[in-house]
Amino acid sequence: MAGKVKWVTDIEKSVLINNFEKRGWVQVTENEDWNFYWMSVQTIRNVFSVETGYRLSDDQIVNHFPNHYELTRKDLMVKNIKRYRKELEKEGSPLAEKDENGKYLYLDFVPVTYMLPADYNLFVEEFRKSPSSTWIMKPCGKAQGKGIFLINKLSQIKKWSRDSKTSSFVTQSTKEAYVISLYINNPLLIGGRKFDLRLYVLVSTYRPLRCYMYKLGFCRFCTVKYTPSTSELDNMFVHLTNVAIQKHGEDYNHIHGGKWTVSNLRLYLESTRGKEVTSKLFDEIHWIIVQSLKAVAVNASPSLTSSTANDRILKYNLINDTLNIAVPNGEIPDCKWNKSPPKEVLGNYEILYDEELAQGDGADRELRSRQGQSLGPKGGRSRDSGRTVLTTWK
Amino acid sequence: MLQEESDLSLVIAQIVQKLKGSTLYAQLERQAWGSWEKRILKSLNSMCTELSIPLARKRPVGEQKELLNKWNEMGTDEPDLSLFRPVYAPKDFLEVLINLRNPNYENGDSLSFRTHLGLIQVPLKVKDIPELKEFFVELGLTTGQLGIDDSTQVPPELFENEHVRIGQKVLAEQDSAAAQQYIRQGSPTALRAELWALILNISSQPEDILYYEQLKTNVIQHDLLVDSLIYKDVKLTASNDDYYFVFEDYLYQVLLCFSRDTSVLGHFAYNSASPPKSYIRGKLGLEEYAVFYPPNGVIPFHGFSMYVAPLCFLYHEPSKLYQIFREMYVRFFFRLHSISSHPSGIVSLCLLFETLLQTYLPQLFYHLREIGAQPLRISFKWMVRAFSGYLATDQLLLLWDRILGYNSLEILAVLAAAVFAFRAVNLMEVTSLAAAEAVLADLSTLKVMPLLQIFLFATVT
């Protein structure tokens with residue numbers, strides 16, 4: 001199997017191309033025989049759409065699962081998690097245990113969320129229970145913080161009411177759908193600012209589930225101090241951490257881009273809050289990721305645009321480590337090959353969850369104690385093993 | 001009661017130390033420091049006249065209200081600071097140190113000093129490696145260290161767990177001396193904030209919080225010229241730092257209060273410098289009309305805010321953060337920018353660094369000298385800032401653990417030498433100062449404890 005890996009991409013980014021070239025891989029076009037195709041989201045949609053009936057051959061790998069939108073579209077993500085929880089409950093899995101108030105003990109990681117306009121009435125019922133609460137509206141199909149806004153009065157979302165005659169809102173098109181979630185207005189603040197986490201997770205096989213977390217994730221900070229005051233609901237710079245939004249704020253600093261590494265975060269939290277609390281926090285973050293992956297086969301397109309010099313280096317190394325795991329030894333892919341890669345190859349990834357190991361001995365004890373019994377396969381495709389997937393968790 | 005006693009014994013110890021240096025050095029210090037002080041004051045005064053800004057003024061009520069509202073986010077203020085310049089930068093200070101001479105120096109005094117080829121020309125006594133090994137004995141190869149023996153490859157049962165347990169015990173017993181001894185092997189991250197407070201004798205009493213609030217009121221009511229300098233410094237340094245930018249607003253809250261804190265004047269009793277004085281208009285030279293300016297007697301220089309920044313990783317309550325910083329300043333940091341013969345003073349540190357290099361890495365030292373890259377020109381800024389902003393935060397905190405543990409800044413000079421030793425191979429190949437700077441530009445990946453350990457205990461001397 002001496003041939004060089006043949007690659008294609010429709011995303012012109014140096015962090016990708018440099019990585020392919022340094023491995024001596026050969027660039028080809030999509031019409032030729034290729035082994036590795038780093039596809040944009042649009043291409044994935046076309047390749048795997050029901051109409052085209054395109055089938056990958058045994059020596060081909062792509063960078064997304066076919067149904068990637070199951071987790072990246074907000075409405076589908078919520079649906080999947082709700083469905084997953086109900087399934088576990090039906091099976092009598094201990095993971096689905098609830099407390100006396102009906103809250104899930106281990107699977108309560110999505111705030112109360114409704115689909116609009118479909119669940120409008122349900123939402124109104126919930127809203128009326130606590131009328132002083134704030135809710136966040138997010139368009140299902142958009143990213144980078146586009147179209148997000150906060151509300152605290154029903155009048156602000158009148159147009160999503162199904163009965164509304166004045167609605168110019170087209171209810172059919174899923175592109176205009178929104179999710180509305182209870183806004184968490186007491187977020188952890190550092191230096192008085194809100195931040196979110198950008199973590200990179202690589203799923204190399206779905207069945208058995210094998211996923212890796214990149215150790216060098218980062219936090220993105222708001223430039224403006226956080227205030228839950230209602231007068232600032234309109235101020236996106238206070239509430240939204242997306243770089244695309246923050247970049248246009250007056251205080252945006254181009255040298256550091258308002259980011260911290262996750263290890264910085266860990267140091268800060270351990271120093272100010274103690275080790276137990278911090279370890280628990282990170283365990284729970286990992287738990288959420290694994291459970292979300294189990295809920296659905298997912299996929300998304302992380303931003304490969306680099307905003308600072310440090311960022312460029314990070315993404316280059318990220319792709320490098322990803323390719324080392326996905327295409328081991330630079331050999332032409334073979335979908336029958338299904339072993340765990342050796343530790344040396346991981347680079348800055350660490351094993352988040354390896355189902356085979358988890359079911360054997362010496363597994364990650366934390367996850368095993370939560371898991372109790374192993375979860376059976378959910379219906380659907382098994383063709384996905386051997387393909388790589390790059391996922392971000394938002 | 002205990003607090004006063006330890007303060008008193010500290011002051012006495014410092015006086016004794018100073019006297020040990022003999023009147024020779026005292027004279028030298030006064031002379032050198034005097035002209036440097038004059039230069040600083042001149043710079044400050046001329047900025048005043050050029051920009052027509054008074055050294056101090058009372059804020060109108062409207063402005064006071066505005067500042068109070070913005071107290072937690074002064075970082076968003078964007079006054080025009082383009083006309084302000086830092087009063088001095090470390091390299092200016094280095095030039096002063098280079099030109100220090102002891103007028104009474106006799107050639108016969110120190111044979112070895114005659115062959116000293118570094119920039120510092122003052123024959124102070126510094127430790128050699130055997131003496132350093134004795135002084136830093138707990139950093140030896142057979143003693144467990146945080147920063148080495150807590151890495152992921154080492155099972156925690158071997159050292160880390162027990163070390164944490166002992167730390168918890170020390171804290172439970174509130175034993176300051178034991179804490180100081182303990183921290184020589186490094187502090188666990190979760191215990192560090194408390195351990196440092198214990199060693200520095202900081203406990204947040206109501207009167208401390210009240211004092212901080214009074215300082216804050218002072219800031220609200222009066223505007224000082226140095227405030228703009230502080231502001232500018234934070235914007236130039238901490239705001240652009242990968243780790244510390246988040247804490248920008250805390251830095252203003254600490255430094256603005258710091259400059260008004262007259263209790264800081266107390267440290268001048270054991271500092272050979274004297275605080276810069278300003279005279280009420282028209283009463284120049286009349287002592288009864290002299291005021292210390294700024295009130296705490298400390299004029300910030302370029303990079304000053306970096307002394308505070310790492311502390312924000314440990315303390316997020318402003319008055320506690322303030323207290324810790326103030327204590328760190330009057331115990332340690334002031335020595336890094338004032339001229340004295342103290343072994344932890346910057347002059348001694350520079351000499352220690354150069355001597356270590358010349359004695360134990362002579363080839364490297366001569367090579368760098370040859371190409372016009374005197375090593376001190378590169379390492380000076382690291383030492384003046386106690387490496388803040390140059391090392392990764394977790395490494396910096398491990399280093400500052402040892403400063404507290406050994407109550408000495410000498411470790412800064414040793415680390416600087418160790419860094420040069422570590423990069424020696426690359427440095428031997430450079431042919432210019434700029435190239436040498438480039439090799440040593442990025443210290444963010446260094447692990448300080450292995451470097452120190454290898455340099456002190458594993459290098460053939």
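**Notebook: contacts and salt bridges**

I began with chain A and its contacts between residues at least 6 apart in sequence: 69% of them join residues at least 24 apart. I note here that the model is predicted.

**Entry 1: chain A as a whole**

I looked up the secondary structure of chain A and found 12 helices and 14 strands. Chain A has 394 residues, and 51% of them count as buried. I then looked up the accessible surface of chain A, which comes to about 19,600 Å². Carbon and sulfur atoms hold 50% of that surface.

**Entry 2: salt bridges, the count**

How many salt bridges are there over all chains? I noted a count of 27.

**Entry 3: a pair inside one helix**

In chain A I looked at A:Glu270 and A:Arg266, whose side chains form a salt bridge with an N to O distance of 3.7 Å. Both residues belong to helix α8 of chain A, which covers residues 262–273. They are four residues apart, about one turn of the helix. Is A:Glu270 buried or exposed? A:Glu270 has a relative accessibility of 9%, so it counts as buried, the cut-off for buried being under 20%. A:Arg266 has a relative accessible area of 29% and is therefore partly exposed.

**Entry 4: a pair in chain B**

Next I looked up B:Lys125 and B:Glu131. Their side chains meet in a salt bridge, 3.6 Å from N to O. B:Lys125 has 64% relative accessibility and counts as exposed, because the cut-off for exposed is over 50%. B:Glu131, with a relative accessible area of 32%, is partly exposed.

**Entry 5: a pair across the sequence**

I then turned to B:Arg326 and B:Asp261, which form a salt bridge at 2.7 Å, N to O. Where in chain B do B:Arg326 and B:Asp261 lie? B:Arg326 is in helix α13 (residues 318–331), while B:Asp261 is in the loop between α12 (248–258) and β3 (277–279), so the pair ties together parts that are 65 residues apart in sequence. I also checked how covered the two residues are. B:Arg326 has a relative accessible area of 18% and is buried. B:Asp261 counts as buried too, at 0% relative accessibility.

**Entry 6: a network**

In chain B, a network of salt bridges joins B:Arg59, B:Glu63, B:Asp223, B:Asp227 and B:Arg260.

How values were computed:
Residues numbered from 1 in each chain as written. Chains lettered and ligands numbered in written order. Predicted model: local features only at pLDDT ≥ 70, side-chain atom pairs only at ≥ 80, totals over all residues. Heavy atoms only, no water. Salt bridge = Lys/Arg side-chain N within 4 Å of Asp/Glu carboxyl O. Helix = DSSP H or I, 4+ residues; strand = E, 2+ residues; numbered from the N terminus. Buried < 20%, exposed > 50% of the residue type's maximum accessible area, 1.4 Å probe, protein only. Contact = heavy atoms within 4.5 Å. Areas by Shrake-Rupley, 256 points an atom, 1.4 Å probe, with all protein chains shown as cover.
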